[in-house]
Structure formats: C-alpha cells, structure tokens
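I opened the notebook to record what I looked up, one entry at a time. The sequence and structure are placed here for reference.

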Amino acid sequence: MPTFEQISQQLDHQAIEVPSWAYGNSGTRFKVFGSAGTPRTVQEKIADAAAVHRFTGLAPKVALHIPWDKVEDYAALTAYAAEQGVQIGTINSNTFQDDDYKLGGLTHHDPAIRRKAIDHHLECLQIMDATGSQDLKIWLADGSNYPGQADMRSRQDRLAESLATIYAELKDDQRLVLEYKIFEPAFYHTDVPDWGTALVQVQALGEKAMVCLDTGHHAPSTNVEFIVAQLLRLGRLGSFDFNSRFYADDDLIVGSADPFQLFRIMFEVVRGGGYAADSGVAFMLDQCHNVEKKIPGQIRSVLNVQEMTARALMVDTEALAAAQQAGDVLGAHEVFMDAFYTDVRPDLAAWRESRGLPASPMRAYAESGYQETIEADRVGGTQLSW
Ligand code: AOS
Ligand code: ZN
Ligand code: ZN
C-alpha cells in the first residue's frame with residue numbers, strides 16, 4: 001500500500017465548494033430553528049464560507065442560489081468574496097418557491113410559465129458573467145403527485161426544449177449541470193428522477209452539458225459509486241452535491257452516516273480521472289445544518305471528504321488489479337479494505353501544519369472566537385433562511 005507520504009502531494013489541489021445556504025437557518029417542514037450568529041446578508045454568508053476555507057484550506061469557492069442570494073451588484077459581491085479569500089462558484093437556479101411553478105417550471109404545460117422559468121435561468125447566466133462562475137446548476141422540483149395528473153412524456157419533450165433554449169445562451173467557458181432526484185417534492189413522478197434521464201437530456205444538448213450527482217438523491221441500496229464510474233466513463237460527471245443520508249434527502253454532513261460509501265465514491269472518482277486538477281468535476285456540498293452549528297458543520301464536512309479522499313488514494317491499485325486478474329475475490333477485497341481501514345487523521349494533522357493550517361481545524365475554529373464574535377455582532381436585521 002502507498003504510504004501517506006507518497007500520496008500527500010495529491011491532496012494539495014483538493015477543492016470543495018461550499019453552499020451559501022448551509023450558513024442560513026434551515027429545518028424540516030416541521031420547524032426552522034433560528035440560531036445566534038446566522039447571516040443576515042449574502043456578504044455575511046460569504047464571510048462564513050471564507051472562515052471555513054481559512055481553517056481548512058479546502059473550500060476556496062462558495063456556491064450561490066438565486067434568488068436567495070440576489071444582490072444589486074454582482075461584480076461588487078465578487079470583489080467582496082475575493083477580499084475574504086474565496087471565489088463565487090456554481091450558480092444554482094430556483095424554480096421551486098414561486099406559486100407559478102406549482103405544476104412545474106421548465107416542463108410546465110403553459111408556455112408562459114415555461115418562459116418565466118427559462119428567463120430565470122437566463123438571469124442566472126447573466127449573474128455568472130458578472131461573478132465569473134463556470135456552472136449553472138439546475139435542479140427541478142417538477143413532477144406530479146397522481147397518476148394521470150400530467151403527461152409525463154410531453155413533459156420530457158418540453159424539458160428538452162427549455163433546456164436547449166437555456167443551453168444556447170451559454171458562453172464557451174460556461175456549463176449547464178443538470179441534477180436528478182428520485183422524488184420530492186413530487187411523489188408520483190419526477191421529471192428528472194435519475195442519472196439516465198439526466199444523461200439523455202444533457203447528451204442531447206451538447207458538450208457543455210453535464211450531470212450533477214447529489215449523493216442523497218437515490219433509492220436505498222443504490223450503488224452510487226457505479227453511477228460515478230459510469231458518468232466519468234462517459235465524460236458527463238459535472239459535479240457532486242455531497243451530503244449524507246439515512247432515509248431520503250436528509251442533507252446531513254457528508255461521510256457522517258456512511259464513511260465507507262464516501263470512500264467508495266472517492267475511489268471511483270480517482271479511478272476514473274475525476275480527481276485530477278483539470279478534470280472539470282466540481283465537488284460541492286449540498287447540506288443544511290439544522291441542529292448543529294453551521295460553520296463547524298461545514299468544517300467537519302470538508303474534512304470528511306479530505307479524509308476519505310486520502311484513504312481512497314492509498315488503495316494499492318497494482319495489488320488490487322493483480323488480485324482481480326487472478327480471480328482472487330477475497331484478496332482483492334482485502335486490498336480495498338486495507339486502505340479504507342487506514343486511519344489517516346494523524347498524518348493529515350501533520351500535513352496541515354506543514355502547510356500553515358491548524359492541525360485540528362475543528363478545535364482551532366472553536367478556540368478562534370469567530371463564533372462568539374458573529375453571535376455578538378449579528379443582532380438586529382433578519383436572519384436568512386436557506
Ligand atoms: C434539492 O433536493 C437539491 O438537492 C438541490 O440541489 C437544491 O437546489 C439544493 O438542495 C438547495 O435547496
Ligand atoms: Zn442537491
Ligand atoms: Zn437534495
């Protein structure tokens with residue numbers, strides 16, 4: 001097995017994009033809890049994202065969600081982010097919180113509603129021009145609740161047409177990334193329920209259209225790393241929305257419920273070339289912190305990704321290939337598991353110190369006073385939700 005020393009340089013370029021909505025208050029349909037220190041402005045969300053980067057060196061970009069993060073001047077917001085030490089990343093559209101979209105957005109049967117949803121995405125593209133963002137990420141709440149309610153087939157056609165209209169406006173260096181989700185908020189059918197549908201739709205658009213894999217968006221027992229392997233093989237894995245789940249789209253801290261799954265995913269990412277600095281795969285978090293403090297929640301998340309990446313890089317691929325080739329079933333499995341069971345935490349602490357980062361970002365954050373400062377300062381105004 002390679003030593004940590006042998007793989008440590010490969011950790012240098014790791015970058016995980018954090019979502020602006022992780023810093024706002026969030027909850028379930030039962031309750032949204034407020035918490036002291038929650039941002040009241042987009043700038044305060046960006047400042048918190050920048051804190052995650054300062055303590056970990058892992059999170060140089062923050063993804064925005066429009067209209068939650070709508071501002072007058074995006075060039076000024078971009079400059080503000082740069083002052084804080086981060087960049088604005090993916091722009092996420094939102095066609096799920098407007099009454100007009102009750103029966104769908106890009107797939108709606110009414111051309112006027114579809115046009116409104118398309119125009120929202122064109123506005124997102126303009127924002128990307130101002131922020132220098134590469135990706136427009138589209139997740140659709142579109143679907144239906146009752147058999148017979150909607151014509152599923154014509155909705156696919158309308159989706160293709162709407163996406164093509166948006167795609168036509170992309171600049172050369174911009175991408176459209178389509179996210180799939182098995183269910184919710186619609187429960188009978190969803191218009192982009194799975195990676196196959198997302199793939200078919202993006203392949204019809206062109207080279208700049210990719211698939212986003214949200215780790216929480218599959219049926220129980222789905223082999224998510226197989227999907228990773230397949231999308232990488234086809235050159236269509238645009239991004240991850242990392243999170244962890246026990247039941248459905250729980251949006252909990254990535255690697256908390258099933259670190260082994262995260263290891264398996266990162267192994268396939270490395271195996272398929274998705275970890276290379278120029279691979280084009282954006283590693284984002286899509287999480288909400290409802291009961292835990294938000295900034296430590298984000299710090300824990302990026303550290304979990306880093307830990308499982310290090311372990312995945314430590315798989316002895318030569319020994320693995322030899323065992324596979326020899327038909328040595330349990331030998332191959334053991335090679336794989338040896339890397340998973342390797343505790344890289346002490347090595348990572350030393351790696352951080354050698355790069356001027358705190359050995360324990362969690363402890364350093366707790367001792368920094370940042371949390372106390374924002375809790376004291378951010379009084380008055382309205383705390384942001386999501
Ligand atoms: C929704 O379930 C998806 O995961 C989307 O990525 C969504 O835009 C994000 O969770 C913010 O609400
Ligand atoms: Zn997502
Ligand atoms: Zn989700």
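At what angle do H2 and helix H3 (residues 74-84) pack, and how many Å apart are their axes? Working from a predicted model, I found that H2 and H3 pack at about 30°, with their axes 9 Å apart. An angle under 35 degrees counts as roughly parallel, and H2 and H3 are therefore roughly parallel to each other. I also noted that the crossing of H2 and H3 is right-handed. On the H2 side I listed Val42, Gln43, Ile46, Ala47 and Ala50 as making the contact, and on the H3 side Leu77, Tyr80, Ala81 and Gln84. Sorted by class, the residues of this contact between H2 and H3 are 7 nonpolar and 2 polar, with no charged ones.

Next I turned to another helix pair. For helix H10 (residues 317-325) and helix H11 (residues 329-340), I read a crossing angle of roughly 165°, with the axes coming within 8 Å. The crossing of H10 and H11 is left-handed, and the contact is made by Ala319, Leu320, Ala323 and Gln324 of H10 together with Gly331, Ala332, Val335 and Phe336 of H11. I counted the residues of the contact of H10 with H11 as 6 nonpolar, 2 polar and no charged.

Is Thr56 buried or exposed? Thr56, which lies in helix H2 (residues 42-56), is buried, because 25 other C-beta atoms lie within 10 Å and the cut-off for buried is 20 or more. Leaving aside neighbours within four places in sequence, I found Thr56 in contact with Ile299, Val302, Leu303, Leu357 and Pro361. I also recorded that Thr56 and Met362 are 306 residues apart in sequence but 8.9 Å apart in space, C-alpha to C-alpha.

For Arg363, in helix H13 (residues 361-368), I wrote down exposed, because 11 other C-beta atoms lie within 10 Å and the cut-off for exposed is 12 or fewer. Arg363 and Pro296 are 67 residues apart in sequence and 9.4 Å apart in space, C-alpha to C-alpha.

My last entry concerns the ligand. Which residues are around ligand 1? I listed Trp21, His65, Asn92, Trp139, Glu179, Lys181, Asp214, Asp241, Asp249 and Asp286, and by class this shell around ligand 1 divides into 2 nonpolar, 2 polar and 6 charged residues.

Methods
Residues numbered from 1 in each chain as written. Chains lettered and ligands numbered in written order. Predicted model: local features only at pLDDT ≥ 70, side-chain atom pairs only at ≥ 80, totals over all residues. Axes fitted to C-alpha atoms, helices over the stretch in contact; angles between N-to-C directions. Helix = DSSP H or I, 4+ residues; strand = E, 2+ residues; numbered from the N terminus. Left-handed = near helix turned anticlockwise from the far one by under 90°. Contact = placed C-beta atoms within 7 Å. Nonpolar A, V, L, I, M, F, W, Y, C, P; charged D, E, K, R; others polar. Near = placed C-beta within 6 Å. Parallel < 35°, antiparallel > 145°, perpendicular 65-115°, else oblique.
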